[in-house]
Amino acid sequence: MNKILMLTREYPPHVYGGAGVHVENLTRELSRLLDVEVRCFGHQAHGGAPGQPEVTGCEVPADRFDRVDPRLRRAVEPLAVNLEFLRSPVDADIVHCHTWYTLMAGLWIKLLYDIPLVITTHSLEPLRPWKEEQLGRGYSLSSWIERTALESADAVVAVSRDTRREVLECYSIDPSRVRVIHNGIDLEGYRPKDAGTTLKKYGIPQDRPYILFVGRITRQKGVVHLVRALQHVTPEFQAVLCAGAPDTDGILREMETAVNEAQSRRPGIHWIPEMVAVDDLISLYSGAAVFVCPSVYEPFGIINLEAMACRCPVVAARVGGIPEVVVHGETGLLVDLEPGAPPSFEPRDPERFSRDLAGAVNRLAADPDLRRRMGEAGRRRVEERFSWESIARQTHDLYQELGVPAAPA
């Protein structure tokens with residue numbers, strides 16, 4: 001047998017973050033090397049043809065936990081889905097899990113079926129203290145689940161060297177079991193294209209350049225810091241904020257207040273409060289003069305790869321795995337965050353961080369030739385280092401070390 005069972009919360013069409021993009025592309029490429037079965041959250045069932053993953057969605061009745069506190073429910077419901085993952089027998093050589101939402105099922109399968117457990121760490125619960133806003137005491141449960149599973153796993157994949165360091169600092173794991181395998185990019189899907197139709201669709205004037213943000217409304221992504229920076233950005237540049245899926249009502253209200261204040265001070269701020277379709281995102285990346293990633297915590301930052309693949313220069317915070325993707329002065333500009341005391345990743349001086357973001361954007365705004373050179377260098381970098389074919393091969397090499405037979409050459 002030569003088969004992998006992949007467990008994930010996100011899988012198309014239910015993708016809202018980088019982990020879902022990762023799983024979609026990794027399973028596609030791995031399916032060319034071995035059999036892949038995916039069990040995910042949400043109702044769906046398809047695939048299984050040669051060269052395609054077999055996908056089964058699992059869910060629980062919507063009213064199963066309707067009497068539980070809403071914040072605790074967000075932590076308890078995933079455990080019920082994890083049990084649903086076990087309703088079908090497992091015939092794989094390895095179980096590979098993504099995010100804490102699936103880790104208990106992975107641990108149960110390791111114990112019940114005596115197969116190796118691999119976990120990819122897209123982020124770490126101890127380094128996301130703002131999640132207590134979202135989960136309440138459920139944050140203690142998600143943190144315990146992550147610790148228990150990671151310390152029991154046969155191999156842990158870190159998506160950057162910085163994430164590997166954090167894994168070893170947070171948990172008692174033999175360093176030999178933690179492997180760095182970067183995220184990748186779909187080089188055929190993400191390439192420059194005309195942005196005109198998409199700009200017209202969202203009512204964005206095409207006669208002025210714009211900076212672009214893409215991400216969820218969460219403390220981690222730092223979008224509010226960017227919004228506050230816009231008053232310092234050259235007024236000749238518009239701003240397009242593709243920001244949806246707020247973690248809490250509180251942070252949504254904070255975002256609304258910040259955007260309203262920014263719009264009262266300067267024109268040309270366009271907020272798209274939804275998760276934009278991939279085709280439209282590629283158009284927006286392609287048309288943008290600068291992509292801005294103001295994340296205060298980012299284990300890798302796949303969105304920067306997406307922008308670079310579309311020849312868009314990047315301004316980003318110098319945090320986590322971002323410096324392994326964005327080369328300062330070559331494919332973009334990095335801004336120092338100066339974080340406060342752990343475990344918070346909020347800037348020690350938020351006003352300075354916002355001004356520094358604006359300063360980097362203004363430097364690129366003033367030099368179209370530099371933007372062009374950085375955009376071209378970014379495309380070359382993703383082609384040379386971050387193809388999903390390469391990432392899948394590295395992942396399969398890890399599987400081989402754990403006992404999965406070699407794939408055909």
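Buried means under 20% relative accessible area. That cut-off is used in the legends below, which describe a predicted model.

**Figure 1. Helix α3 and its buried residues.**
The buried residues of α3 are Leu103, Met104, Ala105, Gly106, Leu107, Ile109 and Lys110. A lysine is on that list, along with leucines and an isoleucine. What lies over these residues? The cover includes strands β1, β5 and β6. Helices α2 and α5 are also part of the cover.

**Figure 2. The eight-stranded sheet.**
Eight strands make an open sheet with mixed pairing. Their order is β3-β4-β2-β1-β5-β6-β7-β8. Which strands stand at the edges? They are β3 (45-47) and β8. Each has a single partner strand, so one side of each has no neighbour in the sheet. On average, neighbouring strands are turned by 20 degrees against each other, direction ignored.

β5 and β6 (residues 117-121) pair in the parallel sense. Four bridges join them. Histidine 96 has valine 118 in β6 as its bridge partner. Helix α1 (residues 18-30) packs on this sheet and touches β1 (3-8), β2, β5 and β6. The direction of α1 makes about 170 degrees with that of β1. Helix α2 lies across β1, β2 and β4 (54-58). α2 runs at about 145 degrees to β2.

**Figure 3. Helix α2 against helix α5.**
Helix α2 (residues 70-85) packs on helix α5 (residues 138-152). The axes are 8 Å apart, at an angle of about 35 degrees. From α2, the contact uses Leu72, Ala75 and Leu79. From α5, it uses Gly138, Leu141 and Ile145. How many charged residues does this contact have? There are no charged residues; five are nonpolar and one is polar.

**Figure 4. An aromatic cluster around tyrosine 101.**
Phe41, Phe85, Trp100 and Tyr101 form one aromatic cluster. A pair of rings is described by the distance of the centres and the angle of the planes. For phenylalanine 41 and tyrosine 101, the centres are 6.4 Å apart and the planes stand at 80 degrees. Planes over 60 degrees apart count as edge-to-face, so this pair is edge-to-face. The two residues are 60 residues apart in the chain. Phenylalanine 41 belongs to strand β2 (residues 35-41). Tyrosine 101 sits in the loop between β5 (94-98) and α3 (103-113). Are these two residues buried or exposed? Phenylalanine 41 has a relative accessible area of 12%, so it is buried. Tyrosine 101 has 10%, so it is buried as well. Over the ring of tyrosine 101 sits the charged end of arginine 9, 4.2 Å from the ring centre.

**Figure 5. Tyrosine 190 with tyrosine 285.**
The ring centres of tyrosine 190 and tyrosine 285 are 6.5 Å apart. Their planes stand at 55 degrees, so the pair is tilted. Tyrosine 190 is in the loop between β8 (178-180) and α7 (196-201). Tyrosine 285 is in helix α10 (residues 278-287). The pair therefore ties together parts that are 95 residues apart in sequence. Both tyrosines are buried.

**Figure 6. The six-stranded sheet.**
Six strands form an open sheet with parallel pairing. The order is β11-β10-β9-β12-β13-β14. At the edges are β11 (269-272) and β14 (332-335), which each pair on one side only. Strands β12 (residues 290-293) and β13 (residues 314-317) pair over three bridges. Here phenylalanine 291 stands opposite valine 314 of β13. Helix α11 (residues 302-309) lies across β9 (210-216), β12 and β13. α11 runs at about 175 degrees to β12.

A cis peptide bond joins proline 12 and proline 13, with omega about 10 degrees. Proline 13 lies in the loop between β1 and α1. Aspartate 114 lies in the loop between α3 and β6. With 70% relative accessibility, aspartate 114 counts as exposed. Arginine 311 is in the loop between α11 and β13. Its phi is positive, about 60 degrees, although arginine 311 is not a glycine. At 44% relative accessibility, arginine 311 counts as partly exposed.

Terms used:
Residues numbered from 1 in each chain as written. Predicted model: local features only at pLDDT ≥ 70, side-chain atom pairs only at ≥ 80, totals over all residues. Heavy atoms only, no water. Pairing = 2+ DSSP bridges. Contact = heavy atoms within 4.5 Å. Axes fitted to C-alpha atoms, helices over the stretch in contact; angles between N-to-C directions. Phe/Tyr/Trp six-rings, centres within 6.5 Å; stacked < 30°, edge-to-face > 60°. Buried < 20%, exposed > 50% of the residue type's maximum accessible area, 1.4 Å probe, protein only. Lys NZ or Arg CZ within 6 Å of the ring centre and 35° of its normal. Nonpolar A, V, L, I, M, F, W, Y, C, P; charged D, E, K, R; others polar.
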